[in-house]
Amino acid sequence: MAVNVAALRSQLETALAGRVPAPFTHRSIQTGTAPFNIPEIDTLTGGLPHGGLTEISGPSSSGRATLLVSALASRTAQTEVCGLVDGRDTFDPYSAEAAGVKLERLLWVRCRNIDQCLQATDLLLQGGGFGLIAIDLSVLPPKTVRYVPLNVWFRFRRAVENTSTILLLLDQELNAGSCASLVLRLGFEPPYWSGLEAQRAPLHSNSCACLLDGSRVHAELVRSRLKSKIGTKKFQGFARTNQTSLVTGPVASFQTKTKWSGFTKTVIETK
Amino acid sequence: MAFASIYVPDFSIQAVVRSEPALRQRAVVLIEGSPPLERVVARNEAAARIGVDLGLTKSQAAQFPALEIRPRSRSAEQSTHAALLDLGWSVSPRVEDTAADSIVVDLAGLGCLFGSEETIANLLAKRASNLGLIVHIAVSSNLEVALHAAHGFPGITVIPPGKESQRLGSLPIQVFSPPAEILETLERWGVRSCEALAKLPLLELSERLGQQGVQLHQWARGASLRSMILAEPTLCFEEEMALEYAAEELEPLAFLLGRLLDQLCARLMARSLAACAFRLRFGLDTSCDHEASLANGNESLDEKKSYEKTLTLHVPMRDSKMLLKLLRLHLQSDPPSAPITHIFLAADPAPPRVTQEGLFLPSAPDPEKLELTIARLANVVGNSHVGSPSSIDSHRPDAFQMNRFLPARDAQLVCQKTIGMPRECKPVAAFRAFRPALRARVTLREGRPVHISFPTMHGEVAAASGPWRTSGEWWREDAWHREEWDVEIRQPSTSGANAMENSTSAEPQKSLYRIHYDVLSQAWFVAGMYD
């Protein structure tokens, strides 16, 4: 049997000679990672892989856009040029600017449907030179995104392979399958309200006393091809979220704040 | 001091062939005149070899097999003359515009830049070839000798000082283009070459032929002296093309535009320039529309007779292929309303982009490629939907403007690295704005929202913060006055096929939204979602 395998291997190498230099040699496609600038997520994932597809999925208000703007802020701070293919024109420049995104280095493509998104992504990938290209399909109906053939994600992944471009896909459910080098699933956690008790008090209480302070983002690492690199790092553990589904991968969570939460503190401190 | 004379043989023919390079190896004649009295006014050597004479009518010329007949194009001749001047100015600012087909370049002081006179002549010939011209070049210390040698000798001729008379000797006296009666007289005397003319005694020649004879004698001896009349350098890059048949589709039009762009870019390159804008003007064939308008009594056709478009480039370019793609995209998005009979293309010159990329700068899209990518994206999603956002000085909710995407490369910012730096503050919760805001039905209890429904969601309000009142620009029609609420909505669990199609799970969903009550329209809307 061993002889047969060796002969088969030799035969394959001979057949592919000139076209594939070393067909049985493992080829590493990642050229490094870039941080999200969120320590918990960076510890969990090792960062965004260059030359690979990263998929972040989750339901509404689970923190997908927060991770997106954080990644954009991280890349634009390094003077990299980023592209955002916005599936439903929902990107908010004000909150992005507050998160540190240098808007002048962001090419925002405001699409209206999935076809425009895929065409725009193709064009950006062909253009080349972008540090990060994000495809935000998270507001599109999952059914629409589900119908995107797998070969599209495969083509996108091949387009960024061996480049320094980070391809980031945001959706409601996992679609890219094995094309993604890094897969994160986010879950909704109750937000933080300051003065919520006052609001729940008897009638005639002042609802302005209640203020949205932020929320907690729960992330589960579904798959990573950088496991060897992050294996030594500490995760927060294997946990069960407040949702009914059992979490199987390593998880992490971090807290976000609203734009005004720091401002109110400052005002109070000044007084 | 030396002068280089550049002469374009068969100038009218070359002007036409320049825009149709496929004709270069063919027998070509040019016709001029009003139909049906068009006559052959120019021919190339190949046409002369097969026996085509000047003055033939178009129908007579059409009898010759494999003969290409084209109308004479004055606009093409003007463009070719401009290209010839660009060729001269590409090496020296001292250029004489001698004739439509001839220029003289002063080579004084160019030795240290380009090398020997022969090297400069070779360089000029190469650049002329890039411009689509086949030229004769003659270099001499005498301006007139250089001019006549360029007319008489093909290719490159370098005449050393003192050898002018000897080199010109073999040329026929026709190179001086003498008047017909003088030429006839000289023929009768048996004087046919410059050498024979130079040997004639000057005094007797003067007595018989006058001052013209003296001048011819000086030219033949290479002894004529005159100063250069300098042409002022201009930055006019225009190309025109009149079409025999109207172009109705984009494909053939793009082919013609490609030729004009090639010529313009070659001229820009010869002058070490690039273009920051292209002005395109089409003459339109409105004959069909005219008939229709006469029937309808509409006389406003003048505006429709031409189509103008300006392609502004944010990065100076001279890559004709890239420019053609950009022009095609612009024409696709805004096509002309009628077939095209005339094309005019002009380039606004600008210094080319000179960049020195830093070793530690991250890679960025190539500016020229980025320009094309943005144009293609604009073709897919619309011009207003591609660019870089920026905030504007207004308190209006979701007020921003889209700018042209021009990423600045600032090397200093790279030094302020944030990689690996501990982040002390929490990340800011991002917001998604719904454009336009979704109409919602909100149930209030004690002035607070308790239930909300809108197209993609409905449920109980678990927590709410508000109302946050904003208003502004009351003097405008689009004034706003709203009461905003941040609400946490708990959606009851969905089941069945609907749950599978529109949501990821059948579990109860919770989401954070920003809703607002529009006081002016007295309706509730969902402004967006915290995500």
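Reply: What follows starts at the contact between the chains and then turns to single places in each chain. Keep in mind that this is a predicted model.

Start with the contact itself. Chain A puts in 74 residues, and chain B puts in 61 residues. On the side of chain B that touches chain A, helix α15 gives the most. This helix covers residues 367-381 of chain B, and 7 residues come from it. What kinds of residues make up that side of chain B? There are 29 nonpolar residues, 15 polar ones and 17 charged ones.

Strands also link the two chains. Strand β5 of chain A, residues 106-110, pairs with strand β13 of chain B, residues 386-391. The pairing is antiparallel and runs over 2 bridges. Look for Val109(A): opposite it stands Val386(B), in β13(B).

Now move to the backbone of chain B. Two cis peptide bonds can be found there. One runs from Pro35(B) to Pro36(B), with omega near 5 degrees. Pro36(B) sits in a loop of chain B, between β2 (27-32) and β3 (39-43). Another joins Gly466(B) and Pro467(B), with omega at about -5 degrees. Pro467(B) is part of a strand, β17, which spans residues 457-472 of chain B.

Follow chain B on to Glu473(B). This residue is in the loop between β17 and β18 (480-491). Glu473(B) is not a glycine, yet its phi is positive, about 50 degrees. Is Glu473(B) buried or partly exposed? It counts as partly exposed because it has 13 C-beta neighbours inside 10 Å.

Thr79(A) is not a glycine either, and its phi is positive at about 60 degrees. Its place is the loop of chain A between α3 (64-77) and β4 (82-86). Thr79(A) has 24 C-beta neighbours inside 10 Å, so it counts as buried. The cut-off for buried is 20 or more.

Finish with a helix in chain B. Helix α1, residues 11-19, is mostly covered. Of its 9 residues, 8 are buried. Among them are Ile13(B), Val16(B) and Val17(B), and also Gln14(B) and Arg18(B). What covers the buried residues of α1(B)? The cover includes strands β2, β3, β4 (67-71) and β9 (237-247) of chain B. It also includes helices α4 (74-89) and α12 (250-270) of chain B.

Key
Residues are numbered from 1 along each chain as its sequence is written. Chains are lettered from A and ligands numbered from 1 in the order in which they are written. This is a predicted model: local features need pLDDT of at least 70, side-chain atom pairs count only at pLDDT 80 or more; totals for chains, interfaces and linings use all residues. Two residues are in contact if their C-beta atoms, placed from the backbone, lie within 7 Å. Helices (H or I, at least four residues) and strands (E, at least two) are DSSP runs, numbered from the N terminus. Ala, Val, Leu, Ile, Met, Phe, Trp, Tyr, Cys and Pro count as nonpolar, Asp, Glu, Lys and Arg as charged, and the others, Gly among them, as polar. Two strands pair if DSSP finds at least two bridges between them. A residue is buried if 20 or more other C-beta atoms lie within 10 Å of its own, exposed if 12 or fewer, and partly exposed in between; C-beta atoms are placed from the backbone.
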